[in-house]
Amino acid sequence: MFFSLTEEQLAVKEAAREFAQNELKPGVIERDRDMIYPTDQVRQMGELGFMGMMVSPEYGGSGMDTISYVLAMEEISKIDNSCSVIMSVNNSLVCWGLEEFGTEDQKQKYLTKLATGEWIGAFCLSEPEAGSDATSQRTTAVDMGDHYLLNGTKNWITNGGTSKIHLVIAQTDPEKGHKGINAFIVETDWDGVAIGAKEDKLGIRSSDTHTIMYSDVKVPKANRIGEDGFGFKFAMKVLSGGRIGIAAQALGIAGGSYELATAYSLEREAFGKPISKHQAIAFKLADMATDIEAAKMLVYRAAWLKDQHMDYAAASAMAKVYASEVAMKHSVEAVQVHGGYGFVKEYHVERLMRDAKITQIYEGTSEVQRIVISRNLLKGNLYIPISKGVAEHA
Ligand code: CAA
């Protein structure tokens, strides 16, 4: 069992940290306050290879492993979670899904542009009445022979207004339940695609979240992903990897909160000494560090399992549910360590606290993660031999 990173992984982590501290930190408070989309910063992320990190170089990607992706997500999320969610959706939901399940033509036409960040992609699954219950899709795609006719509404779509490509999940045969669902590549400048107003959110405020309406959009047959009826499994498989990205984001929020709380507590004095020397604060820092290390083990292990092509659905759900709870708990604690300063927008901790909440909601709520974990447990479908043994005895 190894707990060390390779030279390459350390170099990625360092590059992401430098980029986040030097390029993302200046202006992050204003972008968040005014909901300004980080256009220049996203372009820079593309130039640095962060928008298609796991895509093979053949399609314009960086050809890196999932651990490197997690390390970059973590460092960027310590500073700017609007940038990291844009990056996460493009990398793990859109690019990975296309490389894994797309046709060669789809990869040449779309993936090559998405992997470099020239185009940004969005993943359109959630609907006004289908969030956690993802099989209840109301969006329909009717087979018209050489094309599908797409109609419906999607909600809370990250990259909704800025993306060139949507991966849209839609019902093609309601009789067949989840086997009657398909996934399609839709270009956002096609007739019938309408983008609603940008959502005014609690956190990740400069990311671009919209409602999308599709009205009689003609989608060529060649733009369906996989075999007929593969759409729901496509969404589930893509989300299993996506949850590793969001878990890494949560880890970054917790890590950023810890770094800020530690730095502040070393400088701020009360009762004649730095507050870090008061046990009340020192113990908070100790608890933060311990929980972050525990979350790290789950997140890195889920990434490692994915890189080994082993089953990682339960591992990514565990990583997300735990890391997001650690992010929520310790971003609140970091505000507490800062006292009154933590409550004003000039300091970065209050933004991290607001950003933390969404990691317990998107790409499957914490409750959905527990469904995924418990179903896998009951099937004995875990990768740790001792857990398998326990499940077999039960
Ligand atoms: N990999 C492959 N197949 C999978 C799978 C996985 N990880 N998970 C489930 N499946 C398969 C099942 O095996 C089953 O197939 P069979 O019938 O052939 O056996 C099929 O999919 C249906 O599975 P379930 O019966 O488990 O489906 P369910 O209706 O009970 O739902 C659920 C399960 C886990 C709750 C699922 O609906 C779910 O994940 N919901 C949450 C959706 C979600 O995460 N939304 C986030 C929106 S995207 C987003 O937030 C992006 C963003 O912008 C940031």
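**Surface and pockets**

Author: M297 is partly exposed, with a relative accessible area of 40%. The model is a predicted one.

Reader: In which helix is the place of M297?

Author: The helix in question covers residues 279–307. M297 belongs to helix α8.

Reader: Which residues form a nonpolar patch on the surface with M297?

Author: A patch takes residues with over 30% relative accessible area, and M297 has 40%. Together the patch has about 440 Å² of accessible area.

Reader: Which element gives the most to the lining of the largest pocket?

Author: The largest pocket holds about 1,500 Å³ of space and is lined by 49 residues. Elements that give two or more residues to this lining are α5, β3, α7, α10 and α11. With seven residues, the one that gives the most is α7.

Reader: Which element gives the most to the lining of the second largest pocket?

Author: About 680 Å³ of space lies in the second largest pocket. Its lining has 18 residues, and F2, F3, Y300, R301 and W304 are the closest to its centre. The lining divides into ten nonpolar, three polar and five charged residues. Eight residues of this lining come from the element that gives the most, α8.

Terms used:
Residues are numbered from 1 along each chain as its sequence is written. This is a predicted model: local features need pLDDT of at least 70, side-chain atom pairs count only at pLDDT 80 or more; totals for chains, interfaces and linings use all residues. Side-chain values use heavy atoms; hydrogens and water are left out. Patches are made of residues with over 30% relative accessible area and no salt bridge: like charges are joined within 9 Å, nonpolar side chains (Val, Leu, Ile, Met, Phe, Trp, Tyr) within 5 Å. Accessible areas come from the Shrake-Rupley method with a 1.4 Å probe; for residues, only the protein chains shown count as cover. A salt bridge is a side-chain nitrogen of Lys or Arg within 4 Å of a carboxyl oxygen of Asp or Glu. Helices (H or I, at least four residues) and strands (E, at least two) are DSSP runs, numbered from the N terminus. Buried means under 20% relative accessible area, exposed over 50%, partly exposed in between (1.4 Å probe, protein chains only). On a 1 Å grid over the protein atoms alone, a cavity is a set of points where a 1.4 Å probe fits but cannot get out, and a pocket is an open set with protein on both sides within 12 Å along at least five of seven lines; lining residues have an atom within 4 Å of a point. Grid points are joined across faces, edges and corners, and a volume is the space filled by probe spheres set on the points. Ala, Val, Leu, Ile, Met, Phe, Trp, Tyr, Cys and Pro count as nonpolar, Asp, Glu, Lys and Arg as charged, and the others, Gly among them, as polar.
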